[in-house]
Structure formats: structure tokens, C-alpha cells
Amino acid sequence: MVADKIYDKERLNSSELNSILALFIHRTFILYQIYQKNAFVFVTQNRRILENREWLEKKLGKLNIMTVQESMRYMDLYAKHELKCYAGPNHLLNKDYWYWNSFRTKIPHYHVPERENEGKVHILEGFASRFKFLLLALDEIGMQQHFPKDRDIMIPYHFNYFLSLVTGIFDNLAIETKSKYNISFDGDNIPSRISLSTKSGKYFLKEVKKKNAILKTHIDSYGNFIELINIMRQISIHREGFRDMAYKDSIGISFFLEIKEQEQVVVLIKACGDEPSEYDKFSRWGIFDDEFFIFLEPYRFVIAVANQLVIFCDHYLELMGFTKFVDSLPDRDQYRSELQSFSESRLGF
Amino acid sequence: MSWLNYPDKKQKLSLFLETESLNNYLSSNEKEISKLLNYRNSEHFNFTRSTDSFNSNIIDKINQFVIFSVENDHVQIGDKNINPSEYKYVHFVPEMTAVEWLQIKYTIRKGSIQAS
């Protein structure tokens with residue numbers, strides 16, 4: 001029955017048979033608690049199994065069928081849930097340092113000179129620490145998704161903070177831009193006008209274009225993205241907020257945000273390049289439209305946002321004239337090789 | 001590493017690797033697979049790998065077990081006179097085979113195919 005459904009035929013070749021066989025052995029290990037409770041993954045790249053994983057879980061119970069990529073991210077969250085941050089197979093870092101290295105490898109053009117303690121704090125130091133917190137919030141949402149503990153309050157809590165941090169990061173870039181190019185305009189004493197948003201930062205962006213046209217083009221090409229984040233932050237921090245919903249099915253309770261009433265959010269997510277995901281009903285940005293509701297899965301959403309944010313910010317700094325930090329280090333510098341190793345060996349986002 | 005290395009009882013995440021599709025995936029994603037496998041000795045993870053040899057080996061044993069079980073009315077596979085080469089197509093059709101899988105696991109671990 002299972003094999004019929006997965007392969008849509010009665011007779012299987014040995015490869016197909018082995019895949020189903022492996023799945024059933026995995027299931028037996030779950031049923032007889034050979035694995036730790038909720039601490040198992042079935043790692044496969046078998047397209048048929050992956051495409052049917054939701055059906056399989058409805059039929060056979062929780063199996064945690066994942067691709068290699070998904071499995072590594074899950075491993076990372078599992079270890080962090082156990083308060084361990086792996087930088088490599090046998091290399092643990094403390095949490096602060098793990099997220100710092102994660103930031104440095106994602107934004108290689110962050111290149112702010114070190115300063116003495118009493119020196120003035122550079123605005124981009126605020127950018128760096130916000131980015132670090134954002135990466136932490138993303139993982140916290142992931143952990144709540146997979147290893148829930150007070151999920152109903154903790155996911156919205158981290159989700160709202162995540163949105164605030166992204167807008168904070170945009171503001172840091174805008175302030176640094178104003179400072180670097182000595183930009184002035186009518187009303188530049190009002191902080192909200194120093195903004196990458198086309199609405200509130202209209203006059204500021206006009207001046208940016210005069211000073212660095214390529215940078216302005218870069219900001220424009222992420223206009224939908226910037227708008228999306230600003231609107232979502234407005235909703236979550238200043239307006240009605242997002243309605244959270246618990247969705248119960250045969251394999252457990254899942255947590256979503258309901259965004260049907262926030263049409264603009266849905267439109268902008270699509271405009272940001274959202275597309276169907278390969279194996280699931282949720283899109284890559286976490287949207288699922290089931291006719292009655294439009295659900296947003298927070299973890300998928302924050303991963304998609306963080307991916308775009310990383311590309312946007314690093315190129316922004318490059319266009320501002322920042323060079324890669326590692327290029328300033330000697331070839332045999334220890335931190336240089338540490339960052340390289342981190343980039344190649346860490347499991348998670 | 002053998003699939004017979006059962007997950008121990010320490011607080012670990014168990015990963016069951018379905019090797020057949022992963023071997024195909026390996027050809028164009030060697031770095032990614034290596035990265036995953038490099039964690040096989042890490043404190044928090046436990047890998048179980050269904051190698052090709054294991055698969056063919058266990059299918060033989062399962063076929064024997066299925067015959068044994070049918071004789072003892074343990075597994076409902078229908079026609080006892082079915083061609084033995086077809087067992088592999090029918091033995092997992094009924095979804096109650098979990099108990100049998102477990103029995104197979106224990107008996108193979110003991111080095112015997114006698115069902116418990």
C-alpha cells in the first residue's frame with residue numbers, strides 16, 4: 001500500500017524496494033523507542049519519498065523525512081537546543097562567538113576597524129550586533145518549530161523582534177550612508193527620514209542617488225523587500241499584530257501566522273521572488289493558501305528574509321567602498337583560517 | 001559503520017541515512033555529503049546507514065523470516081504459494097509489519113534468524 005502510493009505501481013525494482021524497506025526500519029526504531037523521543041531524522045534525496053513525506057507522516061506517524069540540507073539544519077538546531085554550538089564536527093564554540101563568526105562569514109564586507117574601549121562606537125558596530133541577534137532570533141524560531149517549549153508565545157516573541165532587527169539594520173545602513181557622504185536635506189533632523197524606505201526616506205534617497213548612483217540602484221532593486229519588512233513591522237509592533245494559529249493534524253500541532261487580512265504582505269512576498277517549494281505545500285517564503293486562510297510559517301519566512309538580507313547588506317557595504325575583512329588578514333592568520341573552517345563546516349544557517 | 005550499530009541511549013539525534021539515493025546525490029554534491037558524514041563521531045549525533053550490502057543481505061533474511069512467519073501465522077501476506085522471488089514485493093504491504101521488523105532486528109543482532 002505504501003509502496004503503491006509512493007511509486008504508483010505494484011512491482012518495484014530493488015532500488016525502490018530498498019528505499020521503502022529503509023523507511024520501515026526507521027519507523028520500527030521510532031515505534032520501539034530505539035531512538036530518543038523526537039530525536040530522529042530519515043535522511044534521503046529520494047524524490048518520491050520527499051514528495052510524499054506529508055502523506056507518509058499522516059499514514060505512519062512522525063518520521064522526520066528530510067533532505068541532506070534540511071537534516072544539517074535540523075542537527076544544528078538540535079545541538080543548540082542541547083546548548084551546544086558546533087562550528088565543526090568536534091569543535092564547539094560559545095553562543096556569542098558562534099553567532100559572531102556566523103555574522104562575519106555572511107557579511108564579509110563588514111570591515112570596521114577595532115577601537116579602544118573609550119573610542120566612539122561606530123554605527124556599523126550596531127549593525128553587526130543587530131545582525132548577530134537576528135541570526136539568534138532565527139535559530140530560536142527554528143528551535144521552537146522543531147523542539148517546542150512554550151511555542152505559542154515564544155515564536156511571536158522572536159518573530160516580532162526579528163522584524164524590528166531587520167528594520168534596525170536598514171536604518172544603520174542609512175545612517176552610515178548619510179555620514180559617509182555628508183548628506184543633508186530639508187528635515188534631516190528627523191531621524192525617521194534617514195531611511196531606505198521610498199516613502200519615509202524620499203529626500204534622503206534623492207541625495208544618495210547624487211552621491212552614489214549605483215548604491216541607489218541597489219536599494220531600488222530591493223524596494224519590495226524593504227517595503228515588505230517595514231509593513232510587517234508596522235503590523236507587528238504598531239498595529240493589530242499577526243493572528244497566530246495552532247494547526248492540529250495527525251502528526252501534531254503546528255504553529256502559523258494568519259495573514260489573509262494583510263493582502264499587501266502576501267503581494268509583496270510574491271514580489272520578492274517567492275515560489276513553490278520542491279517538496280512541501282508551503283512556499284519557499286512559508287506561505288500556504290488553503291482557501292479559507294492564508295498561513296505563514298514563521299521559520300521558513302525568517303530564513304527567506306535572512307537570505308535576502310545577507311545578500312543585500314553585504315553588497316551594500318561593498319558599494320559603499322568597504323573591502324573584505326579577511327583580505328586584510330595575513331594568509332596564515334589564525335582567525336582567517338577559523339572563519340574559513342566555520343564557513344565550510346558549520347551545519348546550520 | 002554498520003546499520004547494526006543501534007542508537008545508544010545517550011541524548012543523541014539519530015540519523016537514518018537512506019544510502020541508495022544519497023549515493024546518487026553524492027556524485028554532484030560530494031562536499032555536502034562529506035560535511036554531513038564528518039559529524040558521525042560527534043557527541044550529539046548517531047548515524048545509521050543502510051548500505052547496499054546491508055539491503056540485499058537483509059532482504060534475504062527478511063524473505064526467510066516471512067516464510068517462517070507465514071508458517072506460524074504471524075504475517076498476513078496472503079497466498080502462501082506465491083513465488084518466493086515475489087516476497088519482497090509483498091512483505092511490507094501490510095502495515096503491521098513493525099513488530100516483525102523489530103523481531104528481525106533483534107534476531108539478526110543475536111546472529112540468528114530465529115524469530116523471537
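Modeller: Before we start, one term: two strands pair if DSSP finds at least two bridges between them. Helices (H or I, at least four residues) and strands (E, at least two) are DSSP runs, numbered from the N terminus.

Biologist: Fine. What kind of model is this, and what pLDDT do local features need?

Modeller: It is a predicted model, where local features need pLDDT of at least 70 and side-chain atom pairs count only at pLDDT 80 or more, while totals for chains, interfaces and linings use all residues. Residues are numbered from 1 along each chain as its sequence is written, and chains are lettered from A and ligands numbered from 1 in the order in which they are written.

Biologist: How many helices and strands are in chain A?

Modeller: Chain A has 14 helices and 8 strands. Its radius of gyration (taken over C-alpha atoms) is 23 Å, close to the 20 Å that the globule rule gives for 349 residues, so chain A is as compact as a globular protein of that length. The rule is 2.2 Å times the number of residues to the power 0.38.

Biologist: And chain B, in what order do the elements run?

Modeller: From the N terminus, chain B goes β-α-α-β-α-α-α, which comes to 5 helices and 2 strands.

Biologist: What is the strand order in the open sheet of 4 strands?

Modeller: The order is β2(A)-β1(A)-β1(B)-β2(B), with parallel pairing. β2 (65-66) of chain A and β2 (45-49) of chain B are at the edges with a single partner strand each, so one side of each has no neighbour in the sheet.

Biologist: How many bridges join β1(A) to β1(B)?

Modeller: 4 bridges, and the two strands run parallel. Phe40(A) is opposite Ser14(B) there.

Biologist: And the pairs inside each chain?

Modeller: In chain A, β1(A) pairs with β2(A) over 2 bridges, also in the parallel sense, and Val43(A) has Met66(A) as its bridge partner. In chain B, 5 bridges join β1 (residues 13-17) to β2(B), and Leu17(B) is partnered by Arg49(B).

Biologist: Which helix packs on that sheet?

Modeller: Helix α5 (residues 68-81) of chain A, which touches β1 (40-43) and β2 of chain A as well as β1 and β2 of chain B. The direction of α5(A) makes about 165° with that of β1(A). Touching is by contact (C-beta atoms, placed from the backbone, within 7 Å), and axes are lines fitted to C-alpha atoms, for helices over the stretch in contact, with angles from 0 to 180 degrees between N-to-C directions.

Biologist: What share of each chain is buried?

Modeller: 39% of the 349 residues in chain A, and 31% of the 116 residues in chain B.

Biologist: New topic: helix α6(A). Which of its residues are buried?

Modeller: Trp98(A), Tyr99(A), Asn101(A), Ser102(A), Phe103(A) and Arg104(A). What covers them includes β3 (85-88), β4 (91-93), α7 (123-146) and α14 (334-345) of chain A.

Methods
Buried ≥ 20, exposed ≤ 12 C-beta atoms within 10 Å, placed from the backbone. Contact = placed C-beta atoms within 7 Å.
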